[in-house]
Amino acid sequence: MNALFKIIKYSFYDTLRSWWALFYGLFFLVITTTLLYFSGDFNKALVSLLNLVLLLVPLISTVFGVMYSYNSREFTELLLAQPLKRSHLFLGQYLGLTLSLVLSISLGLGAAFLLHAGSVAESGQLGMLILCGSLLTAIFTGIAFLVSVLFEDRIKGFGIAILVWLFSAVIYDGLFLAFLVMFNDYPLEKATIGIALFNPIDLSRIMILLRLETAALLGYTGAVFNKFFGTVPGMLFSFSALLLWIFIPLLVFLKKVQRKDF
Amino acid sequence: MIQIKELAKSFGKVPVLKEITLQLEAGKIYAFLGPNGSGKTTLIKSILGLTLPDAGEIIIDNENIKNNWRYKSRIGYMPQIARFPENLTMMELFRMTKDIRKTTANEEDYIAYFNLEESREKALKNLSGGTKQKVNAILALMFNPDILIFDEPSVGLDPVSHLRLKDLMRQEREKGKTILLTTHILSEVEELADEVIFLLEGKIYFKGTVKELVETQDENNLERAIARLLLRTEKKTKIQYPEAA
């Protein structure tokens with residue numbers, strides 16, 4: 001077996017066996033079950049779930065990523081002294097952590113859905129939520145790894161990583177809204193789509209919302225969005241944007257780590 | 001054999017290693033001495049490929065280690081601080097490194113030797129500092145590498161284990177291994193080292209046997225010789241040196 005897969009395997013098991021990953025999965029299981037059970041309406045439950053996933057998944061991935069990266073520092077040194085390629089070691093750690101987080105979310109959300117025994121259309125929507133959750137996990141774990149390699153100081157790194165999360169989860173939307181209000185008199189449809197593409201969280205939100213009946217509430221904006229994101233090229237485009245959000249930080253991380261002194 | 005040629009490294013603007021040239025032969029124990037921040041650890045980490053030098057080269061058995069990782073299968077490294085993934089047990093850690101190294105290992109002999117039978121299936125986070133240090137030593141030794149690097153191995157070890165580790169180092173030397181050791185415990189140096197390499201401000205200040213070091217400094221033991229070496233370098237600050245009682 002390839003060295004990369006070995007590293008993936010071990011960091012995957014290591015994370016999965018910590019209580020955190022289990023707790024994370026259980027949390028989604030409980031929340032999803034509760035929402036599905038109490039709201040009685042799949043659509044409503046999914047929207048609540050969507051907001052939760054979009055807020056929590058990036059946060060937890062960021063925190064996990066930074067913690068993992070800093071805490072395994074000494075062990076990473078030990079592994080670096082083994083006959084391993086640096087890129088394999090770090091890519092393996094990243095993939096191992098991401099996979100175990102993705103597994104936690106998927107199992108948590110998926111198991112609850114199975115208990116609820118949803119329809120085929122509903123499972124498509126849930127699948128989309130799980131997919132976006134997984135992509136967001138990959139994005140924010142990558143950003144967290146990158147931040148941890150850029151900042152030697154743990155506290156600083158942790159703070160910056162949280163700031164990145166806060167910016168993309170909260171502040172960005174605020175600025176976005178301010179921008180819309182300020183330039184109210186201009187046609188903003190295209191600009192809006194462009195701005196949304198620059199934030200993985202917003203992008204995920206739009207991609208899921210448009211698949212729900214709630215999309216009708218978005219009015220004219222929703223129609224514009226639908227015209228773009230609803231089409232196959234638009235979908236492919238937004239997925240590519242999300243994938244770029246994974247690859248760019250990851251590649252910068254791998255490049256930085258190649259030249260780093262331990 | 002390890003050849004180091006004009007190795008230089010600086011962190012930011014601070015030079016840590018200044019053109020170090022050094023040749024280390026098989027079948028010897030080399031003790032690296034020097035005050036804190038003299039570049040010992042940086043030198044060792046450069047050999048391990050953890051720190052990437054700015055200039056110069058390191059050649060291990062005619063193989064340049066730059067952009068190379070395969071040579072590491074010939075090195076056993078025992079780092080200063082032992083920290084492992086929290087949820088792994090000792091045996092899982094050994095299995096994992098064996099899986100990565102893909103060479104035969106005799107960890108069982110060392111587990112018995114260090115009396116770690118009871119720690120086999122315990123999570124590594126629950127092991128005491130000294131026990132972790134033993135696990136660390138086993139990791140360095142179990143693959144029977146040609147080159148062994150110990151970075152302050154005595155920290156946290158109880159006297160018996162320390163003695164056992166020193167015996168192991170002697171045995172490995174008899175087998176023709178190259179052993180690199182950094183330490184602040186001078187008795188360890190006197191007991192083990194074939195050669196002392198004294199680093200100061202990133203340069204090799206002295207290289208030779210313990211006996212030579214003591215003689216060149218006109219002293220009668222290693223501790224005083226080292227102290228004198230250090231004091232001589234503090235040219236401006238004149239510290240009064242009390243007569244030996």
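Helices (DSSP runs of H or I with at least four residues) and strands (runs of E with at least two) are numbered from the N terminus. On this basis chain B holds eight helices and ten strands. The radius of gyration of chain B, taken over C-alpha atoms, is 19 Å, close to the 18 Å given for 245 residues by the globule rule (2.2 Å times the number of residues to the power 0.38), so chain B is as compact as a globular protein of that length.

This is a predicted model, in which local features need pLDDT of at least 70 and side-chain atom pairs count only at pLDDT 80 or more, while totals for chains, interfaces and linings use all residues. Residues are numbered from 1 along each chain as its sequence is written, and chains are lettered from A and ligands numbered from 1 in the order in which they are written.

Chain A has eleven helices and zero strands. For its 262 residues a compact globule would have a radius of gyration near 18 Å, and the 19 Å of chain A agrees with this.

The table lists values for both chains. A residue is buried if 20 or more other C-beta atoms lie within 10 Å of its own, exposed if 12 or fewer, and partly exposed in between, with C-beta atoms placed from the backbone. Two residues are in contact if their C-beta atoms, placed in that way, lie within 7 Å.

The contact between the chains takes 20 residues from chain A and 24 residues from chain B. On the chain A side, helix H1 (3-17) and helix H4 (73-80) each supply at least two residues. That side has nine nonpolar (Ala, Val, Leu, Ile, Met, Phe, Trp, Tyr, Cys and Pro), eight charged (Asp, Glu, Lys and Arg) and three polar residues (the others, Gly among them).

H4(A) also faces its own chain: Phe75(A), Thr76(A), Leu78(A), Leu79(A) and Leu80(A) are buried, and the buried residues of H4(A) pack against helix H5 (86-116) of chain A.

Further along chain A, helix H6 (residues 120-150) and helix H7 (residues 154-182) pack at an angle of about 145°, with their axes 9 Å apart. Axes are lines fitted to C-alpha atoms, for helices over the stretch in contact, and angles run from 0 to 180 degrees between N-to-C directions. Phe140(A), Ile143(A), Ala144(A), Val147(A) and Ser148(A) in H6(A) meet Gly157(A), Ile160(A), Ala161(A), Val164(A) and Trp165(A) in H7(A). The residues of this contact comprise eight nonpolar, two polar and no charged.
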